[in-house]
Amino acid sequence: MQKGVLVLLHKGGDRAELGNWRPLTLLTTDYKVLAKVATARLRRVMGGLYRPGEGFRPVQHGFLFGVLGRMGFGPRFIGWVRTLYAGAYSCVRVNGFLSGAVEQVGGVRQGCPLSPLLYVLFMEPFAELVRRDPGDDGVRLPGRRARF
């Protein structure tokens with residue numbers, strides 16, 4: 001379950017332009033089954049754990065496990081997430097050849113159904129600090145009256 005194979009999918013346009021390729025990690029079936037079970041369970045409680053509107057940034061796994069514990073997730077669920085992410089690595093497939101192993105020490109795996117939900121939970125402590133800041137009155141965008 002720890003090994004993923006990173007492939008590049010062509011999105012269209014000039015194949016020589018790096019921006020026209022999207023990375024995707026191919027994961028094993030047992031990984032996907034466990035991730036889908038964890039995702040289904042996590043979706044049931046997500047509404048009360050965060051506010052929508054979060055973006056994506058790299059995720060440090062140790063902090064993620066701590067956040068899950070502080071939010072009340074039990075050791076069994078955290079163990080599932082740890083199983084999926086601790087010791088994870090990928091090989092890059094280019095022209096039919098696989099590179100050596102590249103350890104994934106941070107971030108979430110592209111292609112893992114659990115990744116977007118874990119990221120949202122990871123960012124929630126920071127988002128809560130921003131929401132509590134009395135000096136934060138939003139940002140005025142050019143051409144708009146309202147602040148965001």
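Here are legends for a handful of close-up views of this predicted model.

Residue numbers start at 1 in each chain and follow the written sequence. Because this is a prediction, local features need pLDDT of at least 70 and side-chain atom pairs count only at pLDDT 80 or more, while totals for chains, interfaces and linings use all residues; side-chain values use heavy atoms, with hydrogens and water left out.

**View A. Strand 1 and its two partners.** Strand 1 covers residues 3–10 and pairs with strand 3 in the parallel sense, over four bridges. Strands here are DSSP runs of E with at least two residues, helices are runs of H or I with at least four residues, and both are numbered from the N terminus. Two strands count as paired if DSSP finds at least two bridges between them. Look for G4, which sits opposite S90 of strand 3. Strand 2 (residues 21–26) runs antiparallel to strand 1, with six bridges joining them. There, L8 has P23 as its bridge partner.

**View B. Helix 1 against helix 3.** Helix 1 (residues 29–45) and helix 3 (residues 75–85) have axes that come within 10 Å and cross at roughly 145 degrees. The axes are lines fitted to C-alpha atoms over the stretch in contact, and angles run from 0 to 180 degrees between N-to-C directions. On the helix 1 side, the contact includes Y31, L34 and R41, and helix 3 brings residues including F77, W80 and T83. Contact means heavy atoms within 4.5 Å. By class, the helix 1 and helix 3 contact has ten nonpolar, one polar and one charged residues. For the classes, Ala, Val, Leu, Ile, Met, Phe, Trp, Tyr, Cys and Pro are nonpolar, Asp, Glu, Lys and Arg are charged, and the others, Gly among them, are polar.

**View C. H61 in helix 2.** H61 lies in helix 2, which spans residues 61–70. With 10% relative accessibility, H61 counts as buried (under 20% relative accessible area; exposed is over 50%, partly exposed in between, using a 1.4 Å probe and protein chains only). Leaving out residues up to four places away in sequence, H61 touches Y85, Q104, V105, G106 and G107.

**View D. N95 in its loop.** N95 is in the loop between strand 3 (89–94) and strand 4 (97–98). N95 isn't a glycine, yet its phi is positive, at about 55 degrees. At 71% relative accessibility, N95 counts as exposed.

View E. C91 is buried, at 6% relative accessibility, and so is C112, at 5%. The structure holds zero disulfides, a disulfide being a pair of cysteine sulfur atoms within 2.5 Å.
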